[in-house]
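Please keep the sequence and the structure in view while reading.

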Amino acid sequence: MAKLALINKQKKREKLVAKYAKKRAAEKAKMSVNASPDERIEAMKTLAKLPRNANPTRLHNRCAVTGRSRGYFRMFGLCRQQFRTLASEGKLPGVRKSSW
């Protein structure tokens, strides 16, 4: 189980990303190819003033059960350990252990 502080920090980042998404998109649009160099510089400055955690690249996928950040399966939203236990218990629909 990941530390509760790390899980809460991730949730806080997700809220910030959602809060500033429109503002970031508007500033990114101002930095288009057709913009003048002065407009681009102003847009860069306003982007730099936004909080760091408002950037979506700072988000990290975490397991829904344990909060583990490594070994994450996007399709299921689980880390590899939880995926394996739930699959062997038959709790994941359409997943079964292969044997040949």
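The points below move from the chain as a whole to one residue within it. The model is predicted. The chain has 100 residues, and its elements comprise 3 helices and 2 strands.

**Fold and dimensions**
- Read from the N terminus, the elements follow the order α-α-β-β-α.
- The radius of gyration of the chain is 20 Å, whereas a compact globule of 100 residues would have a value near 13 Å.
- Along the principal axes, the C-alpha atoms fill a box of roughly 65 × 35 × 15 Å.

**Surface and burial**
- Buried residues account for 23% of the 100 residues in the chain.
- The chain has an accessible surface of about 8,200 Å², and carbon and sulfur atoms contribute 54% of that surface.

**Charge**
- The chain carries 26 positive and 6 negative side chains.
- The centres of these two sets of side chains lie 14 Å apart.

**Residue R24**
- R24 is located in helix α1, which covers residues 4-30.
- R24 is buried but forms no salt bridge.
- The nearest side chain of opposite charge to R24 is that of E27, at 9.9 Å; a salt bridge is counted only within 4 Å.
- Apart from neighbours within four places in sequence, R24 is in contact with L47, L50, A54, N55 and P56.

Methods:
Residues numbered from 1 in each chain as written. Predicted model: local features only at pLDDT ≥ 70, side-chain atom pairs only at ≥ 80, totals over all residues. Heavy atoms only, no water. Helix = DSSP H or I, 4+ residues; strand = E, 2+ residues; numbered from the N terminus. Buried < 20%, exposed > 50% of the residue type's maximum accessible area, 1.4 Å probe, protein only. Lys, Arg positive; Asp, Glu negative; His and termini not counted. Contact = heavy atoms within 4.5 Å. Rg over C-alpha atoms; globule rule 2.2 N^0.38 Å. Areas by Shrake-Rupley, 256 points an atom, 1.4 Å probe, with all protein chains shown as cover. Charge placed at Lys NZ, Arg CZ, Asp CG, Glu CD.
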